[in-house]
Amino acid sequence: MSKRQWPFLLGGLLVALLLAGVVSNYASSHPDGLDSSLLKGCTVNADDEITGGSCPAQEAKDHELADSPLADYGVRGIGNDFVSTGLSGVLGVLLTFAFGAGLFWLARRRGPATPATSAGPAAPATPAPDTASADPADDAATPSTGSR
């Protein structure tokens with residue numbers, strides 16, 4: 001990576017950390033499209049608890065990672081919701097960045113694709129005499145010197 005790309009990369013990381021750590025706390029607390037569509041047919045109170053009716057959300061269960069340290073957009077053990085949500089976002093950005101950087105590191109080029117020569121322009125490569133051309137008609141006209 002060239003030195004000119006580092007400020008852009010670090011600036012993007014800083015913006016992502018700022019959005020995840022601060023702005024994420026001001027996101028809407030109302031259900032998103034999937035949650036609201038699952039609640040159709042049910043009546044819900046102010047605490048988003050189903051009080052009556054029939055809807056698919058009544059069959060919802062907690063997933064296996066509901067007890068994990070970063071479940072429900074917060075960090076378990078931190079009493080302040082603002083700090084908990086912000087820290088969860090920051091940790092998510094850092095983990096995602098580390099994972100992406102690791103993938104790019106694994107996929108990077110290890111060196112030049114072809115060896116560089118300093119002797120001027122390279123001469124065009126000529127095919128070996130016994131190689132087949134792309135056109136079958138040329139192969140029929142060219143005598144074969146061996147078995148294929």
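Me: Is Asp 35 buried, partly exposed or exposed?
Reply: This is a predicted model, and in it Asp 35 sits in helix α2, which covers residues 33–38. The relative accessible area of Asp 35 is 40%, and a residue counts as buried under 20% and as exposed over 50%. Asp 35 therefore falls in between, and the word for it is partly exposed.

Me: Which residues form a negative surface patch?
Reply: Residues in such a patch need over 30% relative accessible area, and Asp 35 has 40%. The negative surface patch is formed by Asp 32, Asp 35, Asp 47, Asp 48 and Glu 49.

Me: Is Ser 84 buried or exposed?
Reply: Ser 84 belongs to helix α3, which spans residues 81–107. A polar atom of its side chain lies 2.7 Å from the backbone nitrogen of Val 75. Because the relative accessible area of Ser 84 is 6%, and the limit for that class is under 20%, Ser 84 is buried.

Me: Where does Tyr 73 lie, and what is its phi near?
Reply: Tyr 73 is exposed, with 72% relative accessibility, and its place is the loop between β2 and α3. Asp 72 also lies in the loop between β2 and α3, and its phi is near 60°. For Tyr 73, a residue other than glycine, phi is positive as well, near 55°.

Me: Which pattern does the chain follow along the sequence?
Reply: The chain has four helices and two strands. Reading along the sequence gives their order, which is α-α-β-β-α-α.

How values were computed. Residues numbered from 1 in each chain as written. Predicted model: local features only at pLDDT ≥ 70, side-chain atom pairs only at ≥ 80, totals over all residues. Heavy atoms only, no water. Patch = residues over 30% accessible without salt bridge, like charges linked within 9 Å, V, L, I, M, F, W, Y side chains within 5 Å. Areas by Shrake-Rupley, 256 points an atom, 1.4 Å probe, with all protein chains shown as cover. Salt bridge = Lys/Arg side-chain N within 4 Å of Asp/Glu carboxyl O. Lys, Arg positive; Asp, Glu negative; His and termini not counted. Charge placed at Lys NZ, Arg CZ, Asp CG, Glu CD. Buried < 20%, exposed > 50% of the residue type's maximum accessible area, 1.4 Å probe, protein only. Polar contact = N/O pair within 3.5 Å; in protein donor to acceptor, adjacent residues only side chain to side chain.
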